[in-house]
Amino acid sequence: MPTIVTHAAVPLCLGLGLGRKAIPPRLLLAGIAFSMLPDVDVLSFKLGVNYGNILGHRGFTHSLLFAVALPTLALLCHRFFRTGLLRIWCFLTVSLLSHSLLDSITTGGRGVAWLWPWENTRFFAPWQVIKVAPFSLARYDTPYGHAVIASELLWVWLPGLVLVLLLRWLREKGMLNV
C-alpha cells in the first residue's frame, strides 16, 4: 500500500485543480477521508484476522462494491456538501476507487479484492511501480523507507501536481467549465 498520506493525493489534486467552486471544501475533506478509509482494515490485524480473509487488509473495503455503496450512502447528507448529487457521488467514488487503484500498483501485498462479493480473488494492475509502504513508522527512517517516499513522490505526487496545473490552466483558458 502507499502511505496513508499519499492516498489523499488524488482527491487533493483533483480538488485543487478543479477549484472550490467545483469541489467545495467540505466535499474535498470528505474525498480525502474516503481515499484513506479503506485502510481501516489494518485494524483487523490487531483483532487476529488473517491478511487473506475478506475482512483482512485489502479485502472488502477495497472492493468496487464498497467504492460504489459508500458514496451512495453519503448522498443522504448531500446538503452538507453544498453541491449537486452527481458531483458528490462522482468525486467521492473517484476518491474511494483511487485507494484501491494505488494499492494495486504497489510492489507488495496480496492484491486487491476488487470483485468481492462475487469473487474472492485478489488483483494487481498489470504494472507495479510504487514501492509497498511498511506498516511500521520506524521503517520510514531506513533506506527502504526513503525509497518508498521517493517512489510515491515520483508515481503519485508528481503526476498529481501536473494534473493540478493542467486543470487550472484549462479553467483559466475557459476550456473547463465546472
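Keep in mind that the model is predicted.

Start with the helix pair. Two packed helices are described by the angle between their axes and the distance between the axes. Here the pair is H3, residues 25-36, and H7, residues 85-104. Their axes lie 7 Å apart, at an angle of about 30°. Angles under 35 degrees count as roughly parallel, so H3 is roughly parallel to H7. The crossing of H3 and H7 is right-handed.

Which residues make the contact? From H3, they are Leu 27, Leu 28, Ala 30, Gly 31, Phe 34, Ser 35 and Met 36. From H7, they are Arg 87, Ile 88, Phe 91, Leu 92, Ser 95, Leu 96, Ser 98 and His 99. Sorted by class, that contact has nine nonpolar, five polar and one charged residues.

Now the cores. In soluble globular proteins, nonpolar side chains tend to be buried together. The largest nonpolar core in this model has 19 residues. Which members touch the most others? Ile 23, Leu 27, Phe 81, Phe 91 and Leu 92 do. At least two core residues come from each of H2 (9-18), H3, H5 (64-74) and H7. H3 gives the most, with five residues.

Look at Leu 92 next. Set aside its neighbours within four places in sequence. Leu 92 is then in contact with Leu 27, Ala 30, Gly 31 and Phe 34, as well as Pro 71, Ala 74 and Phe 81.

Last, another core lies apart from the largest one. That other core has six residues, among them Ala 9, Leu 102, Ala 125 and Val 156.

Note on methods
Residues are numbered from 1 along each chain as its sequence is written. This is a predicted model: local features need pLDDT of at least 70, side-chain atom pairs count only at pLDDT 80 or more; totals for chains, interfaces and linings use all residues. Side-chain values use heavy atoms; hydrogens and water are left out. Axes are lines fitted to C-alpha atoms, for helices over the stretch in contact, and angles run from 0 to 180 degrees between N-to-C directions. Helices (H or I, at least four residues) and strands (E, at least two) are DSSP runs, numbered from the N terminus. Angles under 35 degrees count as roughly parallel, over 145 as roughly antiparallel, 65 to 115 as roughly perpendicular and the rest as oblique. A crossing is left-handed if the near helix is turned anticlockwise from the far one by less than a right angle, and right-handed if clockwise. Contact means heavy atoms within 4.5 Å. Ala, Val, Leu, Ile, Met, Phe, Trp, Tyr, Cys and Pro count as nonpolar, Asp, Glu, Lys and Arg as charged, and the others, Gly among them, as polar. A nonpolar core is a set of buried Ala, Val, Leu, Ile, Met, Phe, Trp, Tyr and Cys residues joined through side-chain atoms within 4.5 Å. Buried means under 20% relative accessible area, exposed over 50%, partly exposed in between (1.4 Å probe, protein chains only).
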